[in-house]
Amino acid sequence: MLKVLLLFVILLVGIVLGPLLSGHQGYVLIQTDKHNITTSITGLVIMFLLLQFLLVFIGWCYRRLKRTSTFTHSWIFGGYKRSRARSQTKQALLKLAEGDFKQVEKLMTRNVDHAEHPVVNYLLAAEAALQRGDYFRTNQYIERAAEVADKNQLPVDITRVRIQLAQGEINAASNGVDKLLNHAPRHPEVLRLAEQAYTLSGNYQSLIDILPSMVKVGLHNEEEVHKLRQQAYAGIMNQIMAKQGYAGLKVWWKDQNRKIRNDIALQVAMAEHLIECNDHETAQQIILNGLKQQYDERLLLLIPHLKANDAESVQKILNHLLKQHGATPLLNSTMGQVALRQGEWVSAETAFKAAITQRPDAHDYAWLADALDKLQKREEATQTRNKGFMLTLKRDSDIEA
């Protein structure tokens, strides 16, 4: 406005001084029915410019007044709504802590357009509606959150996947997780949701692929990740067994690297599948190779289920374990079961008695009684069976208590 005023002043000075200095101001006659108006050209120009200035001034005053009115209206009414929205959001958070999800949903959606972060209100309202089992409103709130989130869609997508998992929409959740991992591959919550989605959907290879990222962000420690990897590979083995059968599983196992084939838990799973398919020779080979590398009772428990012809190799590895690790109850029991199957009754009797001395067990008592029967020790066999029976009764009573 100041610039316009300054421009008018310069023009007025030029118009007035110009004709005065030149001595020629001119003459203008304005004639109506009743009046004659006479003035100089300079005066007419001055009046025209003053009129223009007056119009500009009136326009400026009008815009100023309108802007002030809008600001005042916004300050009075908008400020009140924003304050009320903040208050309702705080109340909703308290209700969330109380577990009153109906009130949470109600308070979060009131004056949501005036909230500081509307997307947060919609997402929390969606979570509350989910807890109430109202899936229609849940999806509505998610869509509204996506609309107001603009470019920051990550919180909305994470909440959507979490809700899909809660609703049992596993395939949709898996697809959502794939997209999230492309944008935020090391986001802790994304990885946590991916673990759930891939486990539930049976997408074990994808689960294996994200395990290194879980370690880097500290979502799981090395031991937990190792267990997850074992579970994932066991899941893959079950899937291959179901789709391709025993032959496909053997090909898959052969193609794995040494680290996978030397994993005890996977050796146990593979041996169990082979025993189930009556491939006892390959199962025995895996079990004995595993025991040569590391003494593990999970492998030891599978030996009595083997029906391979090479009993000498089994006896050899058991004797080696006995010398290396000492006589354990399970090792003695396993040696007794192998001897019993081979018809070596004296060795079976010795092994079972050693196992029972270390750890009384109803199964060992029963197997020992069978060996004693073969040795024609009827009375001792009967006493042994009674001891096993009494041990079983005592164990059952302890469980019921």
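Which residues form a nonpolar patch on the surface? The patch consists of L51, L54, L55, F57, I58 and W60, with about 560 Å² of accessible area together.

## Basis of the model

This is a predicted model, in which local features need pLDDT of at least 70 and side-chain atom pairs count only at pLDDT 80 or more, while totals for chains, interfaces and linings use all residues. Residues are numbered from 1 along each chain as its sequence is written, and side-chain values use heavy atoms, with hydrogens and water left out.

## Overall architecture

The protein contains 19 helices and 2 strands (DSSP runs numbered from the N terminus: H or I of at least four residues for helices, E of at least two for strands). Of its 401 residues, 37% are buried (buried means under 20% relative accessible area, exposed over 50%, partly exposed in between; 1.4 Å probe, protein chains only).

## Helix α17

Helix α17 covers residues 345–358 and has 14 residues. Its span from first to last C-alpha is 20 Å, close to the 20 Å expected at 1.5 Å a residue (1.5 Å times one less than the number of residues). Its buried residues are A348, E349, A351, F352, A355 and I356.

L51 lies in helix α2 (residues 41–98) and is partly exposed, with a relative accessible area of 45%.

H280 belongs to helix α13 (residues 280–293). H280 is buried, because its relative accessible area is 8%. Leaving aside neighbours within four places in sequence, H280 is in contact (heavy atoms within 4.5 Å) with I275, H305, L306, K307 and A308.

## Terms for the patch

Patches are made of residues with over 30% relative accessible area and no salt bridge, like charges being joined within 9 Å and nonpolar side chains (Val, Leu, Ile, Met, Phe, Trp, Tyr) within 5 Å. A salt bridge is a side-chain nitrogen of Lys or Arg within 4 Å of a carboxyl oxygen of Asp or Glu. Accessible areas come from the Shrake-Rupley method with a 1.4 Å probe; for residues, only the protein chains shown count as cover.
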